[in-house]
Amino acid sequence: MFVGLGLALNGLSLFCPTAMKAAVLIQRWYRQYVARMEMRRRYTWNIFQSIEYSGEQAQIKVRHYFMAQLVVHLPYNLHENEVCRDTEWERHFCYKNIEVPEIYSGPRLIFPLTVEQVASMVEAFRNKRQLHSRYVLQLLLETWKLLRKLPNISRISTCHSKEITVCGDLHGQLEDLLLIFYKNGMPSLDRPYVFNGDFVDRGKDSIEILLILFAFLLVYPNDVHLNRGNHEDHIVNLRYGFTKEVLGKYKMHGKRILKLLQKIFSWLPLATVIDQKVLILHGGISNTTDLCLIARVDRHKYVSALRPPKKRTQYPVSQSSVDLDMEDDLSGTKNNQRRVSLIKANSFGPRDGFQRRSLQDFSGRVPRTVDEEIEVRRRQSGFIKGGFSHSQGELNNLAVSSASQESTDTADTTVEEWKQILDLLWSDPMSQNGCIPNEVRGGGCYWGPDVTQDFLDRHNMQLIIRSHECKQDGYEFCHNRRVLTLFSASNYYEVGSNRGAYVKLGPDLVPYLIQYQASSMTRELTLRKNVGKVEHSALKVLREQLFAHKSDLVSAFQEFDKDKTGVVSLNDWATAVESVLRLGLPWRMLRFQLATCKTPGGMLDYQEWFQELSIKEPQMEHIDQGLLETLYRHRATLETIFRIVDLDNSGFITMEDFRQTWKLLSAFLKMEITDEAISDLAVTIDTNQDGNIDIDEFMEAFRLTDKKSRLERGKSMFMGTTTDLTKLEGDPNI
């Protein structure tokens, strides 16, 4: 036996050099393979994130223009008998006249809620059952009443429980919330939660997430804490899907639900502090963030954080609030001739000025009546001392003069408060020191580690937990681990694109992070297929962006193609594309996926390259190409406007509304779009010639498809080729 063993060992020694070489080669190949997969994963991530932030920037830019023109036409505007005081709001949102039919099989709620009822509702949502609109309004109304009692900054302690769980963005992904509850348990007296904003938009179950969180808040008001995010904003909801979701699920009472949610969003607390040491907020801070000031602001005034509250013109106190609103609208009509010329009254039906008021215009008027304001002014001026009295006329003059003296200070204070809230909801950290405007998103700021250190020192804190940014691992530390970004929506961009995470904090306040991925599909895919699937989706979105900027790209290519040969070098192609799209992407690395048509010598025929992109519907070929490019570039904005114009939530808009929408867009873009071109487009879309345009069909008609077959492209994305990967590594022009 020993002889045999000796021979075996001797034989092994003979093969060791060869075996070691093979092992080294395999190891080297595997490392290169993983590095290539990581490279593809990173640039795919950059594509998604760059386009997402570009969309948010566009949202803020167009918001200032379009809301001034169209906010009066929001499908859930308030009318003359719906405003002013909280008691009137509550009467407007009364649910008692809504009957629940006997055939309704969903959960039935009895208030005050019990944890058993909430658990039953969660299970119903898991099984795709919908809560009746009566219970939705009742639950939202109770939530609104509770939120009005809460401070701007919630302060909680770990001494009452072993651990506090903090969750980041959920974005309408119910599957993630249910998985968190499965892994960590539902909220309870000994299991408190903090949910850090962005509950809605993008996902398809935003309203269900809100109802679950609000229900637990009502059952455990001291153990469930909700912070406001930048997507808890009705203007943002118009673009990113929540408004459409609610109106689709609750066709009869959806508008009332949205009105009430506007109020609720404006009353959500702005931050949470744990043990006076850990600050939890949605976006971030700036070099001017002051928690003392934030604790004092009237947060409900900021219905939309994208703009400060609207200034009010001062009037004699004897006038009623209805009169004030009427005069404001008449004045606005006289001073805004563009609105008169572009939005004609007969396009939207007969309305008086007051009915055109939007919800946020009334939010600042709720706290005091005229009589209450007079009383406050009298007390402030000392007129009640010694029983001294004045006539009503003197009091009126007093109120007007006092308001005039304070108007400048009030305006400055309002802007400062608004900036504080904007920074809290929209800011992002950066690696460099300092604090600069966040031009990538278009709102808030970028703040550096020095700002973090100064803020924590001033407030005697040790950690900031924020959300607002999708991270591939679900979380990320920065600023010497003094800032933790937490994102709880897994598979955010595409299945497999990222993990979700939540964090648990005990009395020692050391973060304990738990990661997860809600979709089982990711566990069934190999690394290559998983990366390929996400990459395929990212490149599809990027091709749409390229087509939408075709004219600008051609002009940029022609700057390099002085001889008008129709070709440019691949380096010039990459430079030109970045100069137009400004997405900061590694174009030289992406060119093999985006630019497959090449001529000998490594040149690219850019006209042929554009021909690879085609319109899905052939009947669009006769439409003006400039108009098509404009449509593709501003599809999200157009859909938002169409939803606004669709007052009755029918899914259709008239031909006249369609034309007026395009006129608004052309005025905003400062470009000429002829009536003939708009009419041609309208007639093309109106396939059944009924004089109306189906919004969903209109948006679906304009989707890009490559001339390559889906099967061929899918195969190349999933499987890849050794040749292409070799090119990525060995091309000297990279």
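Student: Okay, which residue in β10 is the bridge partner of leucine 279?

Tutor: In this predicted model, the bridge partner of leucine 279 in β10 is isoleucine 464. Three bridges join strand β6, residues 278–280, to strand β10, residues 463–466, and these two strands run parallel.

Student: And what order do the strands of the sheet have?

Tutor: The order is β1-β5-β6-β10-β12-β11, in an open sheet of six strands with mixed pairing. The edge strands, each pairing on one side only, are β1 (153–156) and β11 (475–478).

Student: Which helix lies across β6, β10 and β12?

Tutor: That is helix α17, residues 449–459, which runs at about 115° to β10.

Student: Switching to charges, how many salt bridges are there?

Tutor: The structure holds 15 salt bridges. One of them pairs glutamate 163 with lysine 504, with the closest N and O atoms 3.2 Å apart. Glutamate 163 sits in the loop between β1 and β2 and lysine 504 in strand β13, so the pair ties together parts that are 341 residues apart in sequence.

Student: Is lysine 504 buried or exposed?

Tutor: Lysine 504 is buried, with a relative accessible area of 17%, whereas glutamate 163 counts as partly exposed at 31%.

Student: What about arginine 441, which residue does it form a salt bridge with?

Tutor: Arginine 441 forms a salt bridge with aspartate 428, the closest N and O atoms being 2.5 Å apart, and both residues are buried. Through salt bridges that share partners, Asp428 and Arg441 are joined with Arg466, Glu469, Lys471 and Glu476 into one network.

Notes: Residues numbered from 1 in each chain as written. Predicted model: local features only at pLDDT ≥ 70, side-chain atom pairs only at ≥ 80, totals over all residues. Heavy atoms only, no water. Pairing = 2+ DSSP bridges. Helix = DSSP H or I, 4+ residues; strand = E, 2+ residues; numbered from the N terminus. Contact = heavy atoms within 4.5 Å. Axes fitted to C-alpha atoms, helices over the stretch in contact; angles between N-to-C directions. Salt bridge = Lys/Arg side-chain N within 4 Å of Asp/Glu carboxyl O. Buried < 20%, exposed > 50% of the residue type's maximum accessible area, 1.4 Å probe, protein only.
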